[in-house]
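Student: Could you take me through this structure, setting each value against the definition behind it?

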Amino acid sequence: MAPDIDYLALAPEITLAVTAVVVLLLDLFLPRRQKYWTAIVAVLGVSFAALPLIALAVSDVGDRAMLGGSFVVDDFALVLKGLFVIAGYLVLLMSVGYVESDRYYQGEYYFLLLMSILGSMVLASSRDLITLFIAVELVSQPMYLLAGWRKGDLRSNEASLKYFLLGVLASALLLYGMSFVYGLTGELTFAGIAAEGAGKAGEPAFIMAILFIIAGFGFKVSAVPFHFWAPDTYEGAPTPVAAYLSVSSKAAGFVALLVVLYSAFPDASGVWGPAVWILAALSMTLANLTALRQTNIVRLLAYSSVAQAGFMLVPFAAAATTDAVGLGEAFAATVTYIVIYAFMNLGAFAVVIAGARKTGTGDIEGWGGLGSYAPALGALAAVFFFSLAGIPPLAGWIAKLVMFGAAMGAGSPWMIALAVIAAINAVIALVYYARVVKTIWMDPVPATAPEEEVRTASVAGSLGLAIGLSAAVVVVAGFFPSLVTFFSDATKVLAGG
Amino acid sequence: MNTFTNLVLAAAEEAEHSIEYGDGGIFAEWAWLLVIVPFVAFVAIVFFGKRLPRQGGEIAVGAMAFVFIYAAILFVINTVEGVVFEHSVEVARIGSFAIEWGWVVDGLSSMMYLVIGLLAFLIFTYALGYMEGDVRPTWFFAAFTLFAGSMLLLVSAPNLIQLIVGWEGVGLASYLLIGHWWEDKENSSAGMKAFYVNKVADIGLVIGAFVLAIPVGSFRISDVLDAVVGNSGDIEAVAFWGAALLFIGAMGKSAQFPLHVWLPDAMAGPTPVSALMHAATMVTAGVYLLGRMYPLYAEMAAEARVPVLIIGTITLIIAGLLAVVQDDIKKVLAYSTVSQLGYMVAAMGAGAYTAGLFHLWTHAFFKGLLFLGAGSVIHSVHSNNMSDMGGLRKPMPVTFGTFVAGTLALAGIFPLAGFFSKDEILAAFNYEGYTAVLVIGVVGAFVTAFYMARTVFLTFYGTYKGHGRPHESPRVMTMPMVVLAGLAVVGGWVNIPGLYTGFTDWVGTRAQTFAEHHAESFDWPVVAIGLTAAFLGIVAGYFLYYRDEETQQARDSFRIPLLWPLLEHKYYLDDLYMNGIVTPIKGPIARFVDWTNSYVLDGIVNAAGFVTRALARFVYQDLDQRGIDLALNGVAYSTDDLAGRTRLLQTGKVQQYAGATVIGAVLLVIGFVVFG
């Protein structure tokens, strides 16, 4: 008997999968000059994938579960899918000019990117270990290839290989942990694991399994000490791919962590809470200190994204010490942070792509005086970098506020200590974010800057659109935070809050 | 339901809660315009400023004129009937907390609105003349409007979140303004310094806000203070820590020792910025915060007043002494501001709410005036250094006259504004029995009078030592100075013990009241001592700097043994911060972390790698050689091959990174199994 399939619930994924295949086929038949059609189809496909999401959001059927509860479309899944679609859309916009200028393998590029987006969509709905693992791999595998897309560049090769080798290791750790969970509980679905594992929180094997799973996802979200690949990979990969890695791929890792920890191991929060506490403190502190010494803007953003992952982990740590309501709030705090971070970090990367074209360099020093010959770009860079630093009224401030609220609300001395660590780190982070803005606006144009025509050349339309959209969200959500908190509140269903 | 209906409903509700005060009517309900207008003006200047004849300056001045007039109306309404009005609009919900935007009209805030509106209006007008021909006047006026708007946002805040937003906005705008002439690297670094020092202090404010809000379940200041006054909830347990943490935030903005180091450097900004920053915005924010939260400090967290009093007292004397050795006229005034802020904070710490705010009020007039005067002089002689000035009394009569009025007011000479407010603070020290603080306060009064006398004599008397011909500034600059001079004379007459104490009543109208001692009449011994100290200071300045015109400047280099080098190096605080905190973090600590990342972890991993290799050799020689299956050999071979290629790509670190990942996971597990 064929399983009962709810096609509307699967429509976003189906749309993406069909688009990906169409892109691949188109690439076969299109003459070289018209390869840009693959980009157009990809952008359209991702846009269309959003339509069924809206239909699902307004329908009053409630949660749609299928395949024995392995694939669930609830409010949490919808919100995160929406985020993945929008982030994917922005990355596609950023990619158009970038990939075209490289002139090769456009079709494959978009195919792989679409597959990765598809993986993240499935991930948001997966509610058992196998579906989750396959989704996570589907997010990552295309990225191993895309990180090495600039084939002629040795650093891109290095980026790809490093990411691949370490990614495989992380997957192995993850799978190892999962196998223990299965062995101990005999269950694959999260609901089943939660029921079976309730009394096992103290068993060493169970603890080890949870910690291995955290380590595996720690790699995906690039938390210290699982972050080593990030700076090298970001620097070597094509910049839009780095943007995707730092936002969508990282968000996917967080979604996986959220789903697994909160819905499969709610009773073991005494185990994973402290473990995440350590990861959060380490990630914030070490990454921020290292970022202080970076001279390359992409590497700076890489360490910044590691530090931001630390901030996102803070509410997880709070979950260990609070009641059910607090659990829901910690959950919503992380989701809020992820949503806001996605827009400000994509914006920052988009600005870096545009800026690198104008200044001809990724060295921060070479960006001096950018504000004088490209004032709009300079102003937007200030918006994104100040938002990352958490300066009100930009949206990044709301993210930090929510994070502090979750940490302080838990009330335990450990969480207050973590909140203080986070506050100190916010100041350290400000130093390097503000330094970039200062260089752009207050330093003189360096002698090595390219000629006038390059510097004042207009930014590609699609890239400009990506920057504009991200900036609009970052500014508007700062003034009307309910635009974001409305969605993150809806995701609390998963934490039982 | 639209916003307007909300307003009306809330007004009705407020009227029920607070029967003893008026609700301020339509003006209080529309007071949100005070905050919105400057921000609208900011946007307008950014987009249209360049096309206007004055590059956007007219929009800025117009907005401030509106703020001033509106604030004056509110102020008058408050003097007539006493207004307590508060309204909040929910913007978002974060967990159980509402994030709100709103505005407060009560005695304290309407006093601040008036000070900000009046000073900003006058200083913006002055800036029209001062900034003429500047490299980027549009940018200047935009940032200046943002500065004033953020301060109004802060003052109007009915909740701690909005207060923090305004607080950060003030910090950001000050960074832009201090570094305004960023072509000079020193200026942009001064801006950064102000930003960072404030940011460090803000940690205290943010954590303190959460500490107080969480037991109450609300960020509303009125809810927190209601809980404090009614002693409800768990607030008592955290009151001290909350109050102390908020004070750390206040120390940053109000430049209290040892976080005052940013303020003198902030003089790098254009003089109108310094004037506004020192008179009405930014530095008064810390004192305002203490005033806004005063019911907390008055009773429940009275122990937190002890550090407030101590820090304020230290600040007033050490900054006063620093002002004596400065050659840069703006730095004299900057340290003077730090010192006067010390008086205000110490007054708050001593339990004298009204006296502290009264000094804020009078200080706004005469310090604003002195900065504008200094700016007028600098504009004319093109130097900040008093060694380039002298003899300016004749060519700049208006500047001279108003500057002297400001000097006498600051020195606390009867019957000018500073006399009344400083006397009230000293009297409060005496009443509360803080004799040591009283002595330091009196010595501070002497020092204040001395350095101001020195400044006047070095700048306006003797012979001119600069270049070119000094000239009086245009009317657009002198008119604001004349108005402020008038206020510096009469500004203190609103609170004369035993005669007329209007000011006490104005700032006393607020929703949460607290007990405070108000003297029936002057404390005559204190008046006598304070006035004597001020006169002695002026006389000492006269003897040292006036008598012999020719050697005036030479006398400036007189050295106080031991103390002088200490003062010249600003108590070595900057060196301490740079060498003790900033450099280590930027240099060794960051480098250490960097280094640990790439070497120590690598070392551990290398060791692990070594063990693995040894193990592999053992496996190879002892197991493999004895003929275990060939497939294993193949796997080993291909791994080796891959590793070789990796090394060719100079990615030898991959194994180490991988090792770190594994070790991280294993350490976590071991940690939990052993300690968990």
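Predicted model: local features only at pLDDT ≥ 70, side-chain atom pairs only at ≥ 80, totals over all residues.

**Helix H3 of chain B and its surroundings**

Tutor: The buried residues of H3(B) pack against helix H4 (57-81), strand E2 (97-105), helix H5 (107-130) and helix H6 (137-155) of chain B. Contact here requires C-beta atoms, placed from the backbone, within 7 Å, and helices (H or I, at least four residues) and strands (E, at least two) are DSSP runs numbered from the N terminus. Residues are numbered from 1 along each chain as its sequence is written, while chains are lettered from A and ligands numbered from 1 in the order in which they are written.

Student: Which residues of H3(B) are buried?

Tutor: They are Leu34(B), Val35(B), Pro38(B), Ala41(B), Phe42(B) and Ile45(B), where buried means 20 or more other C-beta atoms within 10 Å of the residue's own, exposed 12 or fewer, and partly exposed in between, with C-beta atoms placed from the backbone.

Student: What puts them on the same side of H3(B)?

Tutor: Their arc, taken from the directions from the helix axis to the C-beta atoms, is only 135 degrees, which puts them on the same side of H3(B). The face turned away from that buried side carries the exposed Phe47(B) and Phe48(B).

Student: How many of the residues of chain B count as buried?

Tutor: Of its 676 residues, 56% do.

Terms used: Contact = placed C-beta atoms within 7 Å.
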